[in-house]
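Work through these exercises with the structure open. Try each task before you read its solution.

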Amino acid sequence: MKSFRVRELKSTDNEALLAFEIHNREWFESHIDARDPSFYSLQGVADHIECYLSDFAIGAWHPFVIEDSRQKIVGRANLKSINSPKRSAQVGYRIDQHACGQGLATLALRHLIHEAQMRWELKQLVAYVYQENVGSRKVLGRCGFSLEQLSCNEKAGEECRFVLSI
Ligand SMILES: CC(C)(COP(=O)(O)OP(=O)(O)OC[C@H]1O[C@@H](n2cnc3c(N)ncnc32)[C@H](O)[C@@H]1OP(=O)(O)O)[C@@H](O)C(=O)NCCC(=O)NCCS
């Protein structure tokens, strides 16, 4: 694999993050829910980052980006809705269309699992994935997540719940 690293989101990421999100907007919208159109501006992304970083400060969210060797953002991964009393959180990730198929989502999810264990001392991670998102389901399976059968009917357009006990 080329050289990539996962690092925390920073307040100075506005321009790089906007470029990443605009460049991949159609790709993401074909797999996951669309963002509000107001997100796609420097102010929109600045507000988004501020919100994520203030949630990080209160221990509710842990946002990361994946960078290539030229410091270009090629992916994002988040521990979301961290619930310390329940010791659980959700995971989410998205990878630049042109950087897919190199193991980056797997790298990012393994990083989230490590942080969930070591920093947040969580016991359970949950992911919601559309039935037809084969790539994401493969990443989750590879990282040890199991499909909760009851939550997943076989209709396209339906979300499935995957769980990892750690
Ligand atoms: C899903 C996604 C995160 C995968 O990222 P990635 O960096 O390509 O993932 P990885 O390379 O770690 O692994 C993906 C695996 O799925 C496989 N895969 C991807 N699409 C596939 C498809 N349509 N059918 C079969 N296998 C597929 C890849 O070949 C790879 O397996 P391999 O390593 O054995 O070859 C990326 O496609 C993405 O960002 N999609 C849009 C946003 C999204 O869906 N996020 C997840 C929401 S739950």
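This is a predicted model: local features need pLDDT of at least 70, side-chain atom pairs count only at pLDDT 80 or more; totals for chains, interfaces and linings use all residues.

Residues are numbered from 1 along each chain as its sequence is written.

**Exercise 1.** List the elements of the protein chain in order, from the N terminus on.

Solution. 
- Step 1: Count. The protein chain has 5 helices and 7 strands. Helices (H or I, at least four residues) and strands (E, at least two) are DSSP runs, numbered from the N terminus.
- Step 2: Order. The run reads β-α-α-α-β-β-β-α-β-α-β-β.
- Step 3: Check the size. The radius of gyration, taken over C-alpha atoms, is 15 Å, close to the 15 Å from the globule rule for 166 residues (2.2 Å times the number of residues to the power 0.38), so the protein chain is as compact as a globular protein of that length.

**Exercise 2.** Which residues of helix 5 are buried, and why do they line one face?

Solution. 
- Step 1: Find them. In helix 5 (residues 134-142), S136, V139 and L140 are buried. Buried means 20 or more other C-beta atoms within 10 Å of the residue's own; exposed means 12 or fewer; partly exposed lies in between; C-beta atoms are placed from the backbone.
- Step 2: Look down the axis. The buried residues of helix 5 fall within an arc of 95°, so they line one face of the helix. The arc is that of the directions from the helix axis to the C-beta atoms.
- Step 3: Turn to the face away from the buried side. Exposed V134, K138 and G141 sit there.
- Step 4: Just after helix 5, G144 has a positive phi of about 95°.
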